[in-house]
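Thanks for sending this one over. Have a look at the model first, and then we can go through it point by point.

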Amino acid sequence: MTTVACPRCESAVEWKPENKYRPFCSERCKLMDLGAWANEEYRIPNATPPDDDAPDSPRGVD
Ligand SMILES: [Zn+2]
């Protein structure tokens, strides 16, 4: 039997079709993980540089 670690609490989880919450150990951990996403716990790095209106010299080079 393959086991994986629950991403949320790191409990051993049996990887089997009957476990509908896999890779989580339980519905609770699954919901917590989804909730974390909803709360932006996992932030996506801001890809947009700050709006800098310095005309031609790169920032920090003086
Ligand atoms: Zn868990």
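Here are my notes, in numbered points.

1. Ground rules first. This is a predicted model, in which local features need pLDDT of at least 70 and side-chain atom pairs count only at pLDDT 80 or more, while totals for chains, interfaces and linings use all residues. Residues are numbered from 1 along each chain as its sequence is written, and side-chain values use heavy atoms, with hydrogens and water left out.

2. The overall layout. The chain has 1 helix and 2 strands, and from the N terminus the order is β-β-α. Helices (H or I, at least four residues) and strands (E, at least two) are DSSP runs, numbered from the N terminus. Of the 62 residues, 11% count as buried; here buried means under 20% relative accessible area, exposed over 50%, and partly exposed in between (1.4 Å probe, protein chains only). Contact means heavy atoms within 4.5 Å, and residues 24 or more positions apart account for 10% of the contacts with a separation of 6 or more.

3. The zinc site. Which residues hold the zinc ion? The protein donors are Cys6, Cys9, Cys25 and Cys29, each through SG, lying 2.3 Å from the ion. Donors are N, O and S atoms within 2.8 Å of the metal (3.2 Å for Na, K and Ca); water is not among the atoms, so sites may look incomplete. Cys6 lies in the loop between strand 1 and strand 2 and Cys29 in helix 1, so this pair ties together parts that are 23 residues apart in sequence. Both Cys6 and Cys29 are buried. Along the sequence, the donor spacing reads C-x2-C-x15-C-x3-C.

4. Geometry at the zinc. The 4 donor atoms subtend angles of 105 to 119°, which makes the arrangement tetrahedral. Four donors count as tetrahedral if all angles lie between 85 and 135 degrees. For reference, the ideal angle for four tetrahedral donors is 109.5 degrees.

5. Helix 1. This helix covers residues 27-38, and its 12 residues should span 16 Å at 1.5 Å a residue; the end C-alpha atoms are 16 Å apart, which agrees. The expected span is 1.5 Å times one less than the number of residues. Cys29, Asp33 and Ala36 are buried in this helix.

6. Salt bridges. How many are there? The count comes to 2, where a salt bridge is a side-chain nitrogen of Lys or Arg within 4 Å of a carboxyl oxygen of Asp or Glu. One joins Asp33 and Arg8, at 3.5 Å from N to O. Asp33 lies in helix 1 and Arg8 in the loop between strand 1 (3-5) and strand 2 (12-14), so the pair ties together parts that are 25 residues apart in sequence. Asp33 is buried at 12% relative accessibility, whereas Arg8, at 26%, counts as partly exposed. Glu14 and Lys16 form a salt bridge as well, with their closest N and O atoms 3.1 Å apart. Glu14 is partly exposed at 37%, and Lys16 is partly exposed at 27%.

7. Pro7 sits in the loop between strand 1 and strand 2 and is partly exposed, at 47% relative accessibility. Setting aside neighbours within four places in sequence, Pro7 is in contact with Pro23 and Phe24. Asn19, in the loop between strand 2 and helix 1, is buried at 11%. With the neighbours within four places again left aside, Asn19 is in contact with Val13, Glu14 and Phe24.

8. Backbone details to check. Most residues other than glycine have a negative phi, and most peptide bonds are trans. Arg22 and Pro23 are joined by a cis peptide bond, with omega about 5°; Pro23 lies in the loop between strand 2 and helix 1. Glu10 has a positive phi, near 65°. Glu10 belongs to the loop between strand 1 and strand 2, and is exposed, with a relative accessible area of 66%.

Methods:
Tetrahedral: all angles 85-135°; square planar, octahedral: opposite > 155°, others 65-115°.
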